[in-house]
Amino acid sequence: TWFEQAKTCTTLNVQVPASPPRRVVEESVEAFESRVLSAMYEFVRGMSMQVMESRNVLELTAAYDEKIKMIEKEHKMDLEQRDRMNAQLQEEKARLELENKRLREIVEKKSVGV
């Protein structure tokens with residue numbers, strides 16, 4: 001694992017020319033294990049936070065999906081109602097045109113007869 005490879009970095013030897021190697025930093029096994037545990041704890045804690053964030057995003061996305069479906073359904077109903085009203089208006093227009101034609105003919109017959 002990465003920690004096993006990093007363990008070799010717990011000791012730092014420095015060699016100055018014409019002098020024996022000198023140990024500058026040496027970390028105890030306990031200190032190294034403590035760092036390993038801290039790193040693992042931070043990783044685990046971070047993962048749970050990411051899971052919670054992902055879950056919140058999924059819940060929010062689902063809520064928006066539902067809202068979008070509802071809006072699309074309302075829009076479809078509005079379009080259908082508009083189409084029904086247009087059809088009714090066309091029918092009423094046709095009926096009134098026929099009535100207007102009938103009345104015009106009556107008026108013309110009376111004006112011819114006068």
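**Entry 1: a charged pair.** I started with E92 and R95, whose side chains meet in a salt bridge with 2.7 Å from N to O. I noted the cut-off: a salt bridge needs a side-chain nitrogen of Lys or Arg within 4 Å of a carboxyl oxygen of Asp or Glu. Why can these two reach each other? They sit 3 residues apart in helix α2, so about one helical turn separates them. I also looked up their cover: E92 is partly exposed at 34% relative accessible area, and R95 is partly exposed at 46%.

**Entry 2: ground rules.** This is a predicted model, where local features need pLDDT of at least 70 and side-chain atom pairs count only at pLDDT 80 or more, while totals for chains, interfaces and linings use all residues. Residues are numbered from 1 along each chain as its sequence is written, and side-chain values use heavy atoms, with hydrogens and water left out.

**Entry 3: more pairs.** How many salt bridges does a search of the whole structure find? I got 5. One of them joins E66 and K69 at 3.9 Å, N to O. E66 and K69 are also 3 residues apart in helix α2 (residues 29-113), so about one helical turn lies between them. D83 and R82 form a salt bridge too, with their closest N and O atoms 3.1 Å apart. D83 is partly exposed at 42%, and R82 is partly exposed at 45%. A reminder to myself: side chains of opposite charge can pair when their charged atoms come close.

**Entry 4: a nonpolar patch.** Next I found F43, V44 and M47 forming a nonpolar patch on the surface, with about 300 Å² of accessible area together. Patch members have over 30% relative accessible area and no salt bridge; nonpolar side chains (Val, Leu, Ile, Met, Phe, Trp, Tyr) are joined within 5 Å, like charges within 9 Å. Areas come from the Shrake-Rupley method with a 1.4 Å probe. F43 lies in helix α2 and is exposed at 54%.

**Entry 5: the whole chain.** I read the pattern α-β-β-α along the sequence. Helices are DSSP runs (H or I) of at least four residues, and strands (E) of at least two, numbered from the N terminus. Buried residues make up 4% of the 114 residues.

**Entry 6: confidence.** Mean pLDDT (the predictor's confidence in each residue, from 0 to 100) is 82 for the chain. Where pLDDT is low, the predicted coordinates should not be read in detail.

Notes. Buried < 20%, exposed > 50% of the residue type's maximum accessible area, 1.4 Å probe, protein only.
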